[in-house]
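Student: I have a chain here and would like to go through the terms used to describe it. Can we take them one at a time, starting from a single residue?
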Amino acid sequence: MLDSAVGGTVDEGSVLADITGMLQILLEEYGLDEAEITMDTKFHDDLELESIDLVGLSGQLRDRYGDAINFAAFIAERELGEIMALTVGELVEFVVESLQAPGKD
């Protein structure tokens, strides 16, 4: 689990770096390891990831951050069009908010 999450200090920059690393590993499997990943990067349009890839990412997030990250609930709140347009930044913000939520540190 993330050490800084235990201490209650987490920021968008460190979470973006973590998620970027996870995505780069995932993208290497598709030969897309040159993709630039920013807060505005869209999972579907820019990275060409499908829903099964998001399931894999969900597992990586749980491994990294623990049970504070409920990716399934995060996705369940969205319509299909919103999921297709999901950006890395939206996920980063969700992770940061989840880790900073009361009772999560």
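Tutor: We can start with I83, which is in contact with L54, I75 and R78 once its neighbours within four places in sequence are left aside. Keep in mind that this is a predicted model.

Student: What makes L54, I75 and R78 contacts of I83?

Tutor: Contact requires heavy atoms within 4.5 Å, and L54, I75 and R78 are the residues in contact with I83 beyond its neighbours within four places. I83 itself is found in helix α5, residues 80–84. K42 is 41 residues from I83 in sequence, and their C-alpha atoms are 9.7 Å apart.

Student: How is the secondary structure of the protein chain made up?

Tutor: The chain has 6 helices and 0 strands, and its pattern along the sequence is α-α-α-α-α-α.

Student: Why is α2 called oblique to α6?

Tutor: The two helices pack at an angle of about 125°, with their axes 9 Å apart. Angles over 145 degrees count as roughly antiparallel and 65 to 115 as roughly perpendicular, with oblique for the rest, so α2 is oblique to α6. Their crossing is right-handed. On the α2 side the contact is made by E12, V15, L16, I19 and L23, and on the α6 side by V88, L91, V92, E93, V95 and V96. By class, these residues are 9 nonpolar, no polar and 2 charged.

Student: And why is α2 called oblique to α3?

Tutor: The axes of α2 and α3 cross at roughly 135° and come within 11 Å. That angle falls in neither the roughly perpendicular range, 65 to 115 degrees, nor the roughly antiparallel range, over 145, and therefore α2 is oblique to α3. α2 passes α3 in a right-handed crossing. The contact takes in V15, D18, I19, M22, L23 and L26 of α2, together with D53, L57, Q60, L61, R64 and Y65 of α3. Here the classes are 8 nonpolar, 1 polar and 3 charged.

Student: At what angle do α3 and α6 cross, and which classes of residue make their contact?

Tutor: Helix α3 (residues 51–65) and helix α6 (residues 88–100) have axes that cross at roughly 30° and come within 13 Å.

Student: Which residues have the most contacts inside the largest nonpolar core?

Tutor: That core has 30 residues, and those with the most contacts inside it are I19, L23, F43, L61, L91 and V95. At least two core residues come from each of α2 (12–28), α3, α4 (71–76) and α6. V95 touches V15, I19, L61, Y65 and I69, not counting residues up to four places away in sequence.

Student: Why is E48 called exposed?

Tutor: Exposed means over 50% relative accessible area, and E48 has 54%, so E48 is exposed. E48 lies in the loop between α2 and α3.

Student: What makes the phi of E48 worth a remark?

Tutor: Most residues other than glycine have a negative phi. E48 is not a glycine, yet its phi is positive, about 60°.

Student: How much of the protein chain counts as buried?

Tutor: Of its 105 residues, 37% count as buried, where the cut-off is under 20% relative accessible area.

Methods. Residues numbered from 1 in each chain as written. Predicted model: local features only at pLDDT ≥ 70, side-chain atom pairs only at ≥ 80, totals over all residues. Heavy atoms only, no water. Helix = DSSP H or I, 4+ residues; strand = E, 2+ residues; numbered from the N terminus. Axes fitted to C-alpha atoms, helices over the stretch in contact; angles between N-to-C directions. Core = buried A, V, L, I, M, F, W, Y, C linked by side-chain atoms within 4.5 Å. Buried < 20%, exposed > 50% of the residue type's maximum accessible area, 1.4 Å probe, protein only. Parallel < 35°, antiparallel > 145°, perpendicular 65-115°, else oblique. Left-handed = near helix turned anticlockwise from the far one by under 90°. Nonpolar A, V, L, I, M, F, W, Y, C, P; charged D, E, K, R; others polar.
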